[in-house]
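Here is a briefing on one structure.

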Amino acid sequence: MNATSVLNARTLGTEPLADVHWAQSTQPAPACPKLDGDAEADIAIIGAGYTGLVAALSAAGDGRRIVVLEAAPEPGFAASGRNAGAVAPMMWGMKKTPAQITASFPQHAPRMNRAIATSGAFLRDFIATHGVECEAHFDGYLLAARTPDSLAKAKAAHEGWVQYGGRFEVLSQQELSRHVRTDAYAGALRVPDAGYLNPLSFSRGLAAAAQRASVTIHCGSPVLSAKYEDGVWRLQTPSGVLRAATLLAGMGAYGGALVPRLQKESYEVCSAIVATDPLPHARELTPGGMAMADLDDAAVFAPMIDARGCLVVSMLFQGDQMSLADAERIVRPRLARAFPDLGAVPFTKFWGGKFLMTTDGAAHLLQIGPNAFAAQGCNGMGHSIGVAVAHDLGRLGAGAAAEELVFPVTLPKPAPMHGLMTGALRRVMAPMMNRKLA
Ligand SMILES: Cc1cc2nc3c(=O)[nH]c(=O)nc-3n(C[C@H](O)[C@H](O)[C@H](O)COP(=O)(O)OP(=O)(O)OC[C@H]3O[C@@H](n4cnc5c(N)ncnc54)[C@H](O)[C@@H]3O)c2cc1C
């Protein structure tokens with residue numbers, strides 16, 4: 001990106017990957033030629049983001065023929081390749097408790113709560129099992145609280161996850177200062193089964209692992225229509241047709257109207273990210289090498305020093321049009337508060353993406369037709385909850401019975417006042433959150 005283009009207002013979420021910070025230190029994308037002509041599979045998967053690729057890996061084996069169709073030129077082009085990279089289990093962003101999950105899903109709650117509480121450890125094992133290259137750092141994640149009261153509340157909320165396998169420790173202000181050079185916080189929770197990774201590398205690593213497991217991936221192959229005819233799904237792309245007995249959908253917030261029943265199931269949320277080049281004194285900021293989030297910032301302020309010593313900061317924003325100046329108005333005051341000595345470090349990368357939120361804060365497995373299922377609503381926690389539900393989606397596609405799964409399989413049910421809420425989220429709620437501290 002040149003100096004001019006980083007300054008321009010842009011539509012975030014579909015910029016070329018060259019504009020995304022993570023592309024600077026990632027292995028090449030595996031070759032995934034477009035679908036050409038007619039093909040058959042046992043399982044067809046739409047979308048080569050985390051959902052589609054994790055589902056493919058979890059369904060692979062026993063000679064099953066699995067084909068993934070991806071609209072973009074390469075895997076991980078959408079939210080999966082351009083997110084903030086934090087691995088943080090236990091729903092810190094959604095602030096949901098096990099009791100709330102239990103109230104919404106009484107039958108599945110014990111399994112769901114366990115999966116959510118241990119989703120960081122699950123991801124670490126999944127990466128190791130499938131040999132996924134992704135620059136993962138599982139050194140822990142810090143949830144920093146500005147006041148003793150806020151720290152006490154966070155501790156009480158996290159204690160609910162312990163009986164389900166969730167782990168955390170409380171750090172005093174002094175203990176926190178060994179990990180992060182700041183006295184802006186009263187203390188923190190340290191979550192050990194957590195950390196960060198390079199999301200584009202993770203996407204490409206998942207795609208390569210899926211190919212090793214004999215999954216076929218066709219990029220540049222948008223599914224234009226999906227029809228169930230004579231007991232078989234028929235997926236039409238511009239240059240071919242794929243027929244499969246089972247259909248799995250992992251289209252995230254990028255699916256448009258392909259499956260109308262899915263479109264009104266969740267709310268689309270936009271998030272923007274800025275990053276610097278490597279900073280000479282980066283490690284002095286976070287000598288513990290851990291990613292962190294500010295528990296008391298509704299705009300989800302989560303600064304991180306990545307493996308190359310670059311500062312990466314993500315934020316919610318209004319609409320999908322934003323300029324670097326808009327982003328700086330949100331980020332600079334927060335950085336100045338947390339790290340007064342940092343100064344006005346220049347941001348050289350600026351990009352964004354879209355993900356889906358559900359009204360109940362949980363991810364969902366949805367039956368969208370005969371032998372057709374979708375996973376939706378990672379709620380901004382793709383590495384933890386998103387991977388856990390995508391694993392279930394793959395098992396479902398491979399024939400697992402519903403009672404063997406962690407997440408319930410339900411029918412799509414349009415979210416109440418979908419249009420109004422979507423507008424409100426974009427135009428009112430995100431800017432309100434962002435103004436809180438600016
Ligand atoms: C800016 C940002 C920051 C985030 N930060 C974090 C974070 O720090 N930690 C975390 O855990 N999570 C984070 N998330 C959430 C995480 O990125 C998502 O949960 C996850 O990537 C969702 O994966 P997915 O596969 O469901 O969707 P996507 O990655 O969006 O993939 C969907 C894919 O489906 C394809 N597709 C859609 N329609 C079609 C079609 N008709 N035919 C073929 N292909 C199609 C799209 O091209 C796309 O590649 C963040 C998200 C954003 C946007």
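V269 has F355 in β18 as its bridge partner. That pair belongs to a predicted model. β13 and β18 are joined by nine bridges, in the antiparallel sense.

**The sheet**

- Four strands form an open sheet in the order β15-β16-β13-β18, and the pairing is antiparallel.
- β15 (302-305) and β18 are the edge strands. Each has a single partner strand, so one side of each has no neighbour in the sheet.
- From one strand to the next, the twist averages 20°.
- Helix α11, residues 324-338, lies across β13, β15, β16 (310-316) and β18. The helix runs at about 110° to β16.

**The ligand shell**

- The ligand is surrounded by 42 residues. The closest are G47, G49, G252, G353 and G382.
- Five elements are listed as giving two or more residues to this shell: α1 (50-59), α2 (79-82), β13 (267-278), β18 (349-357) and α12 (382-397).
- By class, the shell holds 21 nonpolar, 19 polar and two charged residues.

**The nonpolar core**

- The largest nonpolar core has 142 residues.
- Within this core, A44, A56, L206, A210 and M315 touch the most other members.
- L206 touches Y50, L53, V54, L57 and V132, leaving aside residues up to four places away in sequence.

**Positive phi values**

- Most residues other than glycine have a negative phi.
- Which value does phi of E135 take? Phi of E135 is near 55°, which is positive, and the residue is not glycine.
- E135 sits in the loop between α5 (119-130) and β5 (141-145).
- E135 counts as buried because it has 20 C-beta neighbours inside 10 Å, and the cut-off for buried is 20 or more.
- N371 also has a positive phi, near 50°, in a residue other than glycine.
- The loop between β19 (364-369) and β20 (372-376) holds N371.

Conventions
Residues numbered from 1 in each chain as written. Predicted model: local features only at pLDDT ≥ 70, side-chain atom pairs only at ≥ 80, totals over all residues. Near = placed C-beta within 6 Å. Nonpolar A, V, L, I, M, F, W, Y, C, P; charged D, E, K, R; others polar. Pairing = 2+ DSSP bridges. Axes fitted to C-alpha atoms, helices over the stretch in contact; angles between N-to-C directions. Contact = placed C-beta atoms within 7 Å. Core = buried A, V, L, I, M, F, W, Y, C linked by C-beta atoms within 7 Å. Buried ≥ 20, exposed ≤ 12 C-beta atoms within 10 Å, placed from the backbone.
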